[in-house]
Every structure is written in C-alpha cells, then in structure tokens.
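Please read the points with the structure in view.

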Amino acid sequence: MLNTLLPILLFAALGLAVLGALRRVNMWRRGRASKVDLIGGLLAMPKRYMVDLHHVVARDKYIANTHVATALGFVLSALLAILVHGFGLHNRLLGYALLLASVLMFVGATFVYLRRRNPPSRLSKGPWMRLPKSLMAFSVSFFLVTLPVAGILPADFGGWLLAALLSVGVLWGVSEMFFGMTWGGPMKHAFAGALHLAWHRRAERFGGGRSTGLKPLDLTDKTAPLGVEKPKDFTWNQLLGFDACVQCGKCEAACPAFAAGQPLNPKKLIQDMVVGLAGGTDAKFAGSPYPGKAIGEHGGNPHQPIVNGLVDAQTLWSCTTCRACVEECPMMIEHVDAIVDMRRHLTLEKGATPNKGAEVLENLIATDNPGGFAPGGRMNWAADLNLPLLSDKKTTDVLFWVGDGAFDMRNQRTLRAFVKVLKAAQVDFAVLGLEERDSGDVARRLGDEATFQLLASRNIQTLAKYSFKRIVTCDPHSFHVLKNEYGAFDGHYLVQHHSTYMAELIDEGALNLGQHKGNSVTYHDPCYLGRYNGEYEAPRQVLRALGIEVKEMQRSGFRSRCCGGGGGAPITDIPGKQRIPDMRMEDIRETGAELVAVGCPQCTAMLEGVVEPRPLIKDIAELVADALLEDAAPAKTPIKRPIQHESAEVH
Amino acid sequence: MTTNVISLVSIGAHPTSGRPRRAEQDARAVELGLQLAGDNLQVLHAGNIAEPTLRAYLGMGLEQLHVLEQPAGADALPVLGDYLRDAGAQVVLTGTQAETGEGSGMLPFLLAEQLGWPLIVGLAQVESIESGVAHVLQALPRGQRRRLKVRLPFLATVDNAAPKPRQSAYGPAQRGELTAHDVQVLEDELFTGAVLQPAKSRPKRLKVIKAKSGADRMKAATAKASGGGGQVLKGVSPEAGAEAILKLLIEEGVVR
C-alpha cells in the first residue's frame with residue numbers, strides 16, 4: 001500500500017510546492033525593477049551559500065554544525081526519496097544512501113530540538129517550535145519506509161497499522177518540508193534564502209568583499225519614487241531578501257536601539273516587511289515586539305503606506321545605522337538599506353524628519369554644517385596653526401579632511417592633536433579650509449538624499465580642482481562617505497582614517513614616539529570605521545606602538561556596540577528606557593580600563609556625555625600627540641609664507 | 001464657506017551664512033495660512049520667478065506659488081495691492097520684516113493703508129472666523145496674548161509667536177508649480193535711490209541692577225515691564241495723542 005501512497009504524497013506535496021513558489025515569486029515581482037545578473041547569480045549561489053553564508057553562521061559553532069547536518073541530510077533525503085519512493089527505484093544502494101541521509105538529518109534535528117528546549121528570547125517561537133519535530137517526523141518516517149528498500153526488513157513488515165502511521169509521518173514531513181517551504185512555513189527561509197543569495201542587491205559582499213555605501217537615488221528620474229512609501233516601492237530583490245529571514249534574532253541581540261528600549265527590533269522590522277509584501281497583520285509574529293509597542297495592532301499590504309500602518313515612524317528613526325544587525329545576519333539581509341529607503345520617503349516627500357532633523361537639514365543647506373554655524377568660522381580652531389591651504393598650494397601629498405568637528409570645541413582638541421602629529425612627521429599636507437563642506441553623511445542617513453547629493457557634488461567639484469595623493473580624516477563618517485559613497489558621483493579617492501595613516505607613519509618610523517603613561521586603556525571601535533570599512537587592526541597597532549595593551553571589551557571588533565551617535569540618532573532622539581552611550585560606558589567599565597581610546601568625533605561626544613565618574617575619553621590622535629618626543633623634533637623652521645586666510649566675514 | 005487666505009512670501013537670508021533661504025517669518029505666515037485654509041491657501045511672491053529658493057515654500061506642501069514677476073529694485077507695493085484686491089483676499093498674512101532688501105518692515109503697513117484694511121501686528125493664532133468676523137490672538141511681549149475681534153478682510157503680520165513652519169520637503173518642492181503673473185513694473189525709487197550701509201547695532205540702555213537678592217533678580221527678569229513714567233491716553237483727540245507721542249519722542253531723544 002505504501003508503494004502507491006508514497007509517490008502520491010510526494011508528488012502532491014511537490015506540486016503544491018511549485019504552485020506556492022510561483023505565488024511567492026509573484027509577490028516579489030510586485031517590487032520595483034533591479035539590475036541583477038539572474039543567471040550568474042544562480043550559478044554563484046552554491047558557493048555563496050557554502051562559503052560566505054557559512055562564515056557568518058560558523059560564528060556560532062553549535063548551530064553551524066547543526067545546520068550543516070540538518071540541511072545536508074534533508075537535501076539528500078529529499079532527492080533520494082523522490083528517486084526511491086517517488087519513482088519507485090527500489091535499489092538497495094539508493095536505499096542505504098537514503099537511510100544514511102535521514103540519519104544525518106535526524107541527528108541535526110535532534111540538536112535543533114535541544115536548542116529549542118529552552119530557547120533564548122531572541123528566537124521566534126510559534127511555528128518555529130514545531131520545526132524540529134517536523135524535521136524528526138520527516139527523517140524518521142523516511143528512515144522507516146526505506147528499511148525494506150535496503151533489504152533490512154521484509155516489505156510487508158509491521159502490517160497495516162505501521163503503514164498508516166508511517167503515511168501520517170510522511171505526510172507531516174512533506175507538508176512542512178515541501179509544501180510549507182513555499183507557502184510561508186518556517187522552511188520558507190530555505191527557498192527564499194537560496195534565491196536571495198543568488199540575487200542579492202550587494203553581490204560585492206560575497207567572496208570576502210565589502211559593500212556598505214548606501215545606494216543613490218536617481219533624482220533626475222521624475223517617475224521613480226523618492227524612497228519607499230509602500231512595500232511595492234522596494235526593489236523586488238529587497239522583498240525577496242525580507243522573505244529569507246530565519247527569525248534567528250541575532251540582529252535583535254546586537255541592536256543597540258533594541259537594548260536601549262527604543263521601539264526598534266530589526267527582526268520584527270523585517271517580519272513586518274514580509275507582512276507588507278504578503279498582506280495581513282503582525283498578530284502571528286512570535287518573537288520579541290518593538291519595545292513598548294504591542295503586537296497585533298499593525299498591518300498592511302503591498303499597496304498601503306508602511307508608516308503608521310505597518311510600522312511607526314519612531315521605529316525607523318530609532319536606528320543608528322550601526323550595521324550590527326547586517327553584520328550578524330546569517331542570511332545577509334540588508335536592514336539598514338531598508339530603513340534608509342523608508343526614511344527617504346518620510347524626509348523627501350512628507351517633510352517629517354523628527355525633532356531637530358528639519359533644523360539640521362536646513363542648516364546643512366544654508367551653512368554646509370549641521371550646527372548652522374557661520375561657514376566663515378570653519379577654520380577658527382586652527383587660527384594659530386598656520387595650516388597650509390590647498391587653494392594656495394594646489395598640490396599636496398595628504399589632504400587633511402577636517403570635517404564638521406571643526407565647530408565642536410571638544411573635537412578641536414583632537415584636530416589640533418592630529419595636526420601636531422602631522423607636523424612632527426613632517427608630512428606634506430594641506431586643508432581645504434573654508435572650501436570644505438559637510439560630507440553629507442548625516443543628511444543622507446536622515447533620508448535627505450537631495451541635500452546629500454548637493455553637498456557631495458559640491459565637494460567633488462572642489463576636490464577636482466586640486467591634486468593630492470590621499471585624503472586623511474579623523475572622522476569615520478566623512479571617511480566612509482568620501483571613500484564609499486562619492487564613487488557613485490565620480491569622486492574616486494584614496495581615503496584613510498587617521499588611525500590607518502598614523503599606523504603607516506609609525507611603520508615608516510616617521511614618528512619619534514615615547515610610551516603612553518599611566519592608565520590602562522580599552523578601545524572602542526567606531527561602527528563606520530569597523531563594520532563599515534573593516535578597519536579593526538590599525539587603531540590597535542597604533543595603541544600597541546604607544547606601549548598600550550588594549551583591554552578588549554567583550555563587544556569589540558566587528559561586534560562592537562554603537563555609541564548611539566550614528567545615523568542622525570542624536571538628532572531624531574527617539575526616547576527609550578536608557579541611553580545607548582550609557583550602555584556602552586558600562587561595557588567600558590567592565591574592562592576596568594581608566595581610559596577609552598576612540599577614533600570618531602561622534603563617539604567622543606556621545607561617550608563624554610555620560611555622567612562622571614567614568615573613564616576618560618581620548619582620541620587616538622591625542623594619545624599619539626601626547627606620546628610624541630619633542631627633542632627629536634626638527635629645528636623650528638617657521639613657515640615663511642604667511643598664509644592668507646580667506647576673510648571670515650560674518651554678517 | 002472657506003476663507004480666502006493669501007500668504008505673502010519673500011526671499012530670506014540665513015543669519016550666519018547670508019545665503020538665500022525661505023524667510024523664517026514668511027514661512028510661519030505660510031504655516032498659519034495652511035492651518036487656516038489648507039489646500040485653498042494662496043501664496044504670493046513679488047520678484048524673480050527664477051529664484052530657486054522659492055521652491056523651499058512649495059516644499060511645505062503647496063501645489064502652486066503665484067509670482068508677480070518683477071526685477072530687483074521694483075516696488076512690490078502697488079502690484080501686491082492690486083493683486084490682493086482682485087483676488088478677493090479676506091485674510092492676508094505676511095512676515096513682520098523681510099530678511100533681504102530694504103527690510104524696513106513697512107510693507108504690511110503701507111499695504112494695509114493702500115487697501116484700507118485693518119492690520120494686526122504679531123498674529124499668534126486665529127481662533128475662529130464666522131460671518132465675516134475673525135477672533136484672533138495677538139502676541140504681546142513676554143508671552144502675553146490679546147484677543148482681538150476683527151472684520152474681514154484684514155492684513156496680519158506674524159512673528160516668532162506664530163506656529164513653527166513645517167519642514168520643507170524635496171519632493172513637493174520639485175513638483176510644485178510657480179505661476180508667473182505679468183505686472184507693471186514700477187521702480188522703487190526710495191530703495192534704488194538710497195545708499196545701503198552696514199547696520200550699526202542699536203545702543204543699549206545701561207541696565208542698573210538694583211536687585212539685592214536672587215528673588216529680586218528673578219522678578220526683574222520675568223516680571224511684566226512696568227512702564228514707570230508711562231501714561232495711558234484714553235478718549236483724547238488724534239491731535240492730542242500725536243502731540244503726546246511727539247513729546248515722548250523728543251524726551252527720549254529719538255526726534256531732535
């Protein structure tokens with residue numbers, strides 16, 4: 001009897017799975033067009049899955065091994081089951097292979113089950129709690145029905161009762177694994193995930209690459225929407241990416257806004273987007289809610305605005321764009337892109353940037369700096385330093401990009417320290433002076449693509465007038481934007497963070513350094529230097545050169561926790577239960593360090609905002625400048641040519 | 001019945017950079033207008049239609065901005081007056097003082113005089129408009145408000161007591177239309193014939209601190225200005241009133 005029932009069950013489930021797949025594909029196709037190499041992507045997919053994705057998953061050895069066993073066991077079992085039981089190829093060898101595969105899958109499923117016995121809060125419950133049992137049902141049923149094929153048991157063993165029991169087991173297994181895969185069950189992650197890897201919007205990320213710059217909006221195309229208002233305004237492969245989510249909650253565990261009690265949970269956000277693309281409400285979501293927001297009150301569909309239906313605006317503005325979620329995501333989903341896309345709509349179409357957002361954007365347009373300071377005062381911090389201006393020199397080795405920290409008194413100390421280092425190393429450098437404008441980082445992350453492009457194109461025009469070998473900046477945000485986001489507007493430069501450059505100077509022996517004196521030191525990785533640009537080593541190298549042994553925080557390197565200062569978060573200032581910098585300071589205190597080295601004006605400002613007593617905060621440039629040995633400095637040769645500062649007229 | 005509301009806007013200048021922007025007070029006039037009339041608000045500018053800053057007003061969600069095309073140095077007063085009368089305006093809102101050009105703050109007064117309409121200075125809020133009469137709140141120093149009843153049509157200036165203008169968004173700013181109107185150009189001789197020179201900051205009265213205690217200082221800082229030597233003139237003839245004002249101005253050294 002099983003011999004007639006099994007093929008029917010298998011092919012019925014497969015047929016329904018194909019129908020479900022077509023239905024799902026049509027949902028994704030509601031999204032906007034996107035340039036993707038369809039065939040090339042599919043060909044590259046197995047490698048992306050087995051290498052790139054596995055690298056991320058392998059950070060958690062337990063689940064990596066579990067997944068390898070389960071997934072490999074399942075894929076083999078499914079293929080062999082179709083051959084053996086579907087097409088009736090009752091070959092002993094195939095039978096043994098199928099037995100082996102189902103055992104492998106069963107072992108994997110057991111470990112999935114163990115993980116699910118007492119699941120951490122980041123994992124979604126609901127249908128996901130059923131999955132290990134379904135996996136077991138599938139593997140055990142196919143193991144048992146294959147025993148006769150392998151010749152271990154007689155064909156009619158067990159009689160009618162066992163046959164009926166096994167049919168139910170197979171039905172359960174194939175329903176979850178084949179049918180459920182395309183009709184929205186937990187196994188959807190395998191189907192959507194595979195295609196998501198094939199047609200990822202940042203294919204550069206695979207093979208060890210890095211792609212973190214935001215994608216530009218084409219403002220000349222009047223028909224294109226300015227950002228994302230409705231789910232269908234995402235590109236189709238973004239929608240596909242949302243569908244790939246396994247709800248593992250790694251993003252939730254890494255998200256600083258979630259930890260601070262702000263109404264954001266990256267996992268829930270992605271699931272809300274899935275609700276948006278398929279239509280419905282979030283009532284079925286079985287994970288942690290947005291802090292302070294109840295589940296079941298939001299819903300939407302592809303043609304309905306997202307904000308204030310599916311997601312509240314506050315959720316989108318809570319993000320610090322620290323990319324911790326993207327870094328952790330084993331499915332390589334792009335949360336930050338989606339959030340900025342939706343912010344773009346709010347800012348460019350609705351004029352709804354919260355709190356100080358509107359003021360900052362207006363300031364950027366009218367004064368080229370977010371604080372609204374008189375542009376003529378941009379070089380006041382260096383009034384006594386006689387900095388060479390690029391407009392006088394025309395050509396230089398190092399262009400020192402000062403950044404908007406020039407207006408901030410705390411950051412001016414960092415800038416002056418770095419100038420001291422540059423002078424001590426006798427570097428041929430210059431600054432743009434009053435010609436420099438804000439890089440556009442904040443504007444872009446607040447969703448104001450128009451102002452970003454305005455600032456970027458003007459900066460690129462200015463830079464095109466001069467010749468320089470590299471740009472060095474103390475601000476990781478300017479660094480990231482100049483390096484990764486100006487390229488789309490034909491601004492291609494060699495850009496370095498000052499820690500990287502100082503590491504080079506030290507390597508070359510250009511600096512005569514003493515040792516850091518006194519207190520123990522930890523180092524805080526800025527998101528835009530670390531996760532965005534992969535620079536974890538240079539700052540530590542510089543600190544080592546000062547004789548500092550860094551007391552690493554538990555969350556350091558690619559797992560570094562954001563200071564709370566990115567993505568315009570201090571400007572939009574969404575309330576939570578605690579402040580992100582306070583949590584980061586707690587991380588710092590745990591190391592017992594008396595001083596925290598930083599490499600970013602935002603981090604400096606956020607961490608210094610934590611009430612005393614707390615560890616000291618010093619920029620790497622300050623630490624290096626303090627350790628410079630004066631006696632080795634060259635005989636003082638004052639710069640002969642008086643520098644003509646542009647008249648800083650203030651009206 | 002919807003009220004025909006028109007807001008007048010000019011090109012502003014950012015206080016620190018001097019770069020063109022939407023004028024702060026004019027933007028508030030537009031905001032108040034939008035709150036009053038919604039999509040029926042008309043916004044009017046006299047000047048150069050090619051000025052990109054005008055789009056900053058459109059970005060507040062306006063579909064259209066009417067521009068009475070004029071070169072720099074032309075007198076906006078007569079053309080604005082004609083337009084407002086022809087358009088059947090009932091409430092005209094404007095900033096108190098322009099941020100560029102002459103910036104004398106005289107335009108609303110001259111316009112009201114030309115049209116023969118009442119003028120409210122420092123409008124903070126319109127409470128209601130019913131059967132041709134508006135109940136409005138006028139802003140006075142130190143957060144005080146005065147409730148006024150005024151017959152339509154009227155002209156009102158807004159200052160920083162009026163609601164904060166909404167954010168200007170790029171999308172609507174690009175889509176909004178600038179509608180040009182041909183008008184007769186009259187040179188503003190008072191402006192073009194004058195010589196502009198940088199303003200000197202107004203001399204400040206010496207502040208003699210008499211307060212002995214912190215509480216006194218707090219009181220001095222927050223209490224209502226008590227005009228010690230002031231007097232309230234009631235029921236006097238215009239001539240007597242003018243004489244009293246002139247006497248005060250001479251005393252204060254404003255008129256010599």
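**Notes on a helix pair and on chain B**

1. In this predicted model, helix H3 (residues 61-86) of chain A and helix H5 (residues 127-146) of chain A have axes that come within 11 Å and cross at roughly 40°. The crossing of H3(A) past H5(A) is left-handed.

2. The residues that form this contact can be listed from either side. H3(A) contributes Thr70(A), Gly73(A), Ser77(A), Ala81(A), Val84(A) and His85(A). They meet Leu135(A), Ser139(A), Phe142(A), Val145(A) and Thr146(A) of H5(A). Sorted by class, the contact of H3(A) with H5(A) comprises 5 nonpolar and 6 polar residues, with no charged residues.

3. Turning to chain B, the secondary structure consists of 8 helices and 12 strands. The C-alpha trace of chain B spans about 60 × 45 × 45 Å along its principal axes. Chain B has 256 residues, of which 34% count as buried. Among the contacts in chain B with a separation of 6 or more, 68% are between residues 24 or more positions apart.

4. One residue of chain B may be examined individually. Gln231(B) lies in the loop between helix H7 (214-222) and helix H8 (238-252) of chain B. Is Gln231(B) buried or exposed? Gln231(B) counts as exposed, because it has 8 C-beta neighbours inside 10 Å, and the cut-off for exposed is 12 or fewer. Gln231(B) and Val9(B) are 222 residues apart along the chain, and their C-alpha atoms are separated by 37 Å.

Note on methods: Residues are numbered from 1 along each chain as its sequence is written. Chains are lettered from A and ligands numbered from 1 in the order in which they are written. This is a predicted model: local features need pLDDT of at least 70, side-chain atom pairs count only at pLDDT 80 or more; totals for chains, interfaces and linings use all residues. Helices (H or I, at least four residues) and strands (E, at least two) are DSSP runs, numbered from the N terminus. A residue is buried if 20 or more other C-beta atoms lie within 10 Å of its own, exposed if 12 or fewer, and partly exposed in between; C-beta atoms are placed from the backbone. Two residues are in contact if their C-beta atoms, placed from the backbone, lie within 7 Å. Axes are lines fitted to C-alpha atoms, for helices over the stretch in contact, and angles run from 0 to 180 degrees between N-to-C directions. A crossing is left-handed if the near helix is turned anticlockwise from the far one by less than a right angle, and right-handed if clockwise. Ala, Val, Leu, Ile, Met, Phe, Trp, Tyr, Cys and Pro count as nonpolar, Asp, Glu, Lys and Arg as charged, and the others, Gly among them, as polar.
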